[in-house]
Amino acid sequence: PKPLPEFDDVSSVIRQVLFLMRVGHPDIVFVDELPRQAIKANFDRRLISQALTNIVKNATEAISAVPIEERGEGKITVTVDLGTEGMVAIDVIDNGKGFPVESRQRLLEPYMTTRAGGTGLGLAIVGKILEEHGGGVELLDRLDGTRGARVRLWFPLDDGSSKPNQETGQ
């Protein structure tokens with residue numbers, strides 16, 4: 001569905017998604033590294049929540065795909081980066097199996113998957129949701145070089161002060 005943006009707090013969406021994931025996956029440690037202050041933006045809470053839930057769910061599955069003798073403690077960390085002017089970036093970092101090196105960005109295409117039984121629609125839908133919010137999704141390696149993945153969801157940070165021009169509608 002088309003996004004119906006409202007002025008809301010990005011941090012509260014992240015906390016809500018992680019609460020539900022903690023309940024559903026008590027064997028995985030979920031860490032949120034969020035700023036204390038609210039992160040206000042104009043976005044569709046339901047759609048961004050859906051996108052983030054999908055990414056965190058994928059991270060839990062990536063952790064489960066690592067053989068138990070190699071796995072150690074499963075851990076997913078969600079951080080927020082406000083470093084790029086006018087943008088909010090949500091990073092989901094896991095210690096699962098990671099992304100393939102070749103054709104990684106093709107995983108964002110419909111029906112592309114590396115999982116047995118996967119439909120290949122999840123990341124394509126996430127990409128579409130972020131695109132419709134004026135943002136995007138990136139499939140990255142962990143910054144510390146260890147096993148796992150980092151998925152970055154980003155979209156414009158609208159402080160609510162931008163109002164359409166009455167004469168031009170823009």
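Accessible areas here come from the Shrake-Rupley method with a 1.4 Å probe. On that basis, the accessible surface of the protein chain in this predicted model comes to about 9,700 Å², and 53% of that area belongs to carbon and sulfur atoms. Of the chain's 170 residues, 42% count as buried.

**Overall fold**
- The protein chain has four helices and seven strands.
- Following the sequence, these elements come in the pattern β-α-β-β-α-α-β-β-α-β-β.
- Among contacts with a separation of 6 or more, 67% are between residues 24 or more positions apart.

**The sheet**
- Five strands make up an open sheet with mixed pairing, in the order β2-β4-β5-β7-β6.
- At its edges are β2 (28–33) and β6 (136–140), each of which pairs on one side only.
- On average, neighbouring strands of this sheet are turned by 15° against each other, direction ignored.
- For β6 and β7 (residues 149–156), the pairing is antiparallel and runs over five bridges.
- Within this part of the sheet, Leu 140 stands opposite Arg 150 in β7.

**Helices on the sheet**
- Helix α1 (residues 10–24) packs on the sheet, where it touches β2, β4 (74–81), β5 (87–94) and β7.
- The direction of α1 makes about 170° with that of β2.
- Helix α2 (residues 45–64) also packs on the sheet and touches β2, β4, β5 and β7.
- The direction of α2 makes about 20° with that of β5.

**A nonpolar patch at the surface**
- Phe 19, Leu 20 and Val 23 make a nonpolar surface patch of about 340 Å².
- Phe 19 is found in helix α1.
- Why does Phe 19 count as exposed? Its relative accessibility is 53%, and the cut-off for exposed is over 50%.

**Salt bridges**
- In general, side chains of opposite charge can pair when their charged atoms come close.
- The count for this model comes to nine salt bridges.
- One of them joins the side chains of Arg 45 and Asp 8, at 3.1 Å from N to O.
- Arg 45 lies in helix α2 and Asp 8 in strand β1 (residues 6–9), so this pair ties together parts that are 37 residues apart in sequence.
- Arg 45 is partly exposed, with a relative accessible area of 28%.
- Glu 61 forms a salt bridge with Lys 57, with the closest N and O atoms 2.8 Å apart.
- Both Glu 61 and Lys 57 lie in helix α2, four residues apart, which is about one turn of the helix.
- Glu 61 is partly exposed at a relative accessible area of 26%, and Lys 57 is partly exposed at 37% relative accessibility.

- Arg 150 forms a salt bridge with Asp 91, and their closest N and O atoms are 3.4 Å apart.
- Arg 150 lies in strand β7 and Asp 91 in strand β5, so the pair ties together parts that are 59 residues apart in sequence.
- Are these two residues buried or exposed? Both Arg 150 and Asp 91 are buried.
- Salt bridges that share partners join Asp 81, Asp 91, Arg 150 and Arg 152 into one network.

Terms used:
Residues are numbered from 1 along each chain as its sequence is written. This is a predicted model: local features need pLDDT of at least 70, side-chain atom pairs count only at pLDDT 80 or more; totals for chains, interfaces and linings use all residues. Side-chain values use heavy atoms; hydrogens and water are left out. Two strands pair if DSSP finds at least two bridges between them. Helices (H or I, at least four residues) and strands (E, at least two) are DSSP runs, numbered from the N terminus. Axes are lines fitted to C-alpha atoms, for helices over the stretch in contact, and angles run from 0 to 180 degrees between N-to-C directions. Contact means heavy atoms within 4.5 Å. Patches are made of residues with over 30% relative accessible area and no salt bridge: like charges are joined within 9 Å, nonpolar side chains (Val, Leu, Ile, Met, Phe, Trp, Tyr) within 5 Å. A salt bridge is a side-chain nitrogen of Lys or Arg within 4 Å of a carboxyl oxygen of Asp or Glu. Buried means under 20% relative accessible area, exposed over 50%, partly exposed in between (1.4 Å probe, protein chains only).
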